[in-house]
Amino acid sequence: MSQSLKIAIIGAGLSGISAARSLVAAGHAVVIFDKSRGSGGRLSSKRTEFGQFDMGAQYFTARDHSFRQELKTWLDARCVEEWTPRLYQYDQSGLRRSQDNQQRFVGYPRMTAWSRALLEGLELVSSTRIEKLQAQDDGQWLLLDDQQQAHGPFARVVVATPAPQAVTLLEPASQLAHAASQVEMLAGWTLALSFNQPLDTPMDACFVREGPIDWISRNSSKPGRDESDTWVIQSTPAWAQAHIDSDKDTVASDLLSAFAEVLSMDLPTAQFTHVHRWLYARPGQQCEWGALAAPELGLYACGDWCLGGRVENAWLSGQQAAKTLLSKH
Ligand SMILES: Cc1cc2nc3c(=O)[nH]c(=O)nc-3n(C[C@H](O)[C@H](O)[C@H](O)COP(=O)(O)OP(=O)(O)OC[C@H]3O[C@@H](n4cnc5c(N)ncnc54)[C@H](O)[C@@H]3O)c2cc1C
């Protein structure tokens, strides 16, 4: 085997985890850094005494052949399950059953259970925001965090953050930084609700094509979730942008009214309400880069913004970054 490299990955979302798993499997020593206390990035679950909520990605698809192969092992390990919601759509002509028969999968028993399982055996340094990459005379990299601590040195660095957060980190590789700076990430608001009594509707999920809401899901209809009737409502990017600085109570009340309108019913008072703002929910455009690489500097970048804003693409982008890095080694 060729020499084992020390590799840093910035970002413990799915793309970073995907790259890390491939690089470790190839015999390299990988350390993942994340600014959050936890991991999973936009695979995000909130656990409360009123139930648990998937606040970021709602489900994932598996269209790519290699991804479907991996999926089998995750299904066997029971960290992922298929979700078959009674799916609706809502537009100007009202609410009706959707004909969409796409297969959907979710982390089991919550979205982050999947990313946690994938991180097992990997070295994660959490609560550490990396601000800058500093080149050493021997071509290696030091990672400087926001507490002025240096980490490393590392022979290679993979930046696996959303594009706007990648720009400064990629500054030493100006072409990569430029590419990342061209990607616009769209915002989103997520509202989580829990009700005492189940809402009187057969709907488990709904694509909404009218008003401020983009997506509704009965979180409790996903496999392994709790008994209580929990819902997650997501705004459209356009509505989020127009209400980016609104206070959370106003956002909750607006989305709640729109939810009631979709269901054509007066909603009971929710026993739990929580609102989260995503500044970088999804990339605004579909790029086909796979991953970005400056092999002469040992710098790489991956993330959903390199391939399209979906969970599956984040995974594939991480795979691509690792493959490129390994082929240049
Ligand atoms: C509300 C919402 C709903 C969605 N719904 C779906 C869906 O239903 N289906 C689907 O397929 N996709 C969905 N997506 C998209 C999906 O979640 C993403 O495509 C995917 O999770 C992105 O993974 P990633 O690894 O590219 O980035 P992220 O998951 O964003 O991971 C990046 C990580 O980098 C860390 N980080 C950032 N900057 C730094 C720094 N300076 N130092 C250290 N760490 C840093 C962050 O904390 C984060 O953990 C949704 C996204 C959102 C927000």
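Biologist: Which helices and strands each supply at least two residues of the shell around the ligand?
Modeller: Helix H1 (14–25), strand E14 (185–195), strand E18 (272–283) and H8 do. Keep in mind that this is a predicted model.

Biologist: Which residues come nearest to the ligand?
Modeller: The shell has 38 residues, and Gly11, Gly13, Ser15, Gly41 and Asp304 come nearest.

Biologist: How do the shell residues divide into nonpolar, polar and charged?
Modeller: There are 15 nonpolar, 15 polar and eight charged residues around the ligand.

Biologist: And where does the shell lie relative to the domains?
Modeller: Between them, because domain 1 and domain 2 both give residues to the shell.

Biologist: What are the bounds in the domain assignment?
Modeller: Domain 1 takes 6–37 + 126–183 + 285–327, and domain 2 takes 48–110 + 185–283. Their centres, over C-alpha atoms, are 29 Å apart.

Biologist: How many residues are in contact across the two domains?
Modeller: On the domain 1 side, 13 residues are in contact with 11 residues of domain 2. Helix H4 (163–169) and H8 each supply at least two residues of that domain 1 side. The largest share, four residues, comes from H8. By type, the side of domain 1 that touches domain 2 has eight nonpolar, two polar and three charged residues.

Biologist: Switching to the core. Which members of the largest nonpolar core touch the most others?
Modeller: Ile9, Val158, Leu170, Ala180, Tyr300 and Ala301, out of 67 residues. Helix H8 (residues 311–327) gives the largest share of this core, with seven residues. Both domains contribute residues, so this core lies between domain 1 and domain 2.

Biologist: What does Ile9 touch?
Modeller: Beyond the residues up to four places away in sequence, Ile9 touches Gly16, Ala19, Ala20, Val30, Ile32, Val158 and Ala160. There is also a second, separate core of 26 residues, with Ile213, Trp239, Ala258 and Val262 among them.

Biologist: Next, H3. Which of its residues are buried?
Modeller: In helix H3 (residues 111–119), the buried ones are Met111, Thr112, Ala113, Trp114, Ser115 and Leu118.

Biologist: What covers the buried residues of H3?
Modeller: The cover includes H1, strand E3 (45–48), strand E4 (51–54), helix H2 (65–76), strand E5 (80–83) and strand E8 (104–107). Just after H3, Gly121 has a positive phi of about 85 degrees.

Biologist: Now Thr236. Where does that lie?
Modeller: Thr236 is in the loop between strand E17 (229–235) and helix H6 (237–242).

Biologist: Why does Thr236 count as partly exposed?
Modeller: Because Thr236 has 19 C-beta neighbours inside 10 Å, and a buried residue needs 20 or more. Setting aside neighbours within four places in sequence, Thr236 is in contact with Pro212, Ile213 and Asp214. Thr236 and Lys323 are 35 Å apart, C-alpha to C-alpha, and 87 residues apart in sequence.

Biologist: Last bit, the overall picture. How many helices and strands in the protein chain?
Modeller: Eight helices and 20 strands. The C-alpha atoms fill a box of roughly 65 × 45 × 35 Å along the principal axes. Of the 329 residues, 44% count as buried.

Definitions and conventions
Residues are numbered from 1 along each chain as its sequence is written. This is a predicted model: local features need pLDDT of at least 70, side-chain atom pairs count only at pLDDT 80 or more; totals for chains, interfaces and linings use all residues. A nonpolar core is a set of buried Ala, Val, Leu, Ile, Met, Phe, Trp, Tyr and Cys residues joined through C-beta atoms within 7 Å. A residue is buried if 20 or more other C-beta atoms lie within 10 Å of its own, exposed if 12 or fewer, and partly exposed in between; C-beta atoms are placed from the backbone. Domain bounds come from an automatic or database domain assignment. Two residues are in contact if their C-beta atoms, placed from the backbone, lie within 7 Å. A residue is near a molecule or strand if its C-beta atom, placed from the backbone, lies within 6 Å of it. Ala, Val, Leu, Ile, Met, Phe, Trp, Tyr, Cys and Pro count as nonpolar, Asp, Glu, Lys and Arg as charged, and the others, Gly among them, as polar.
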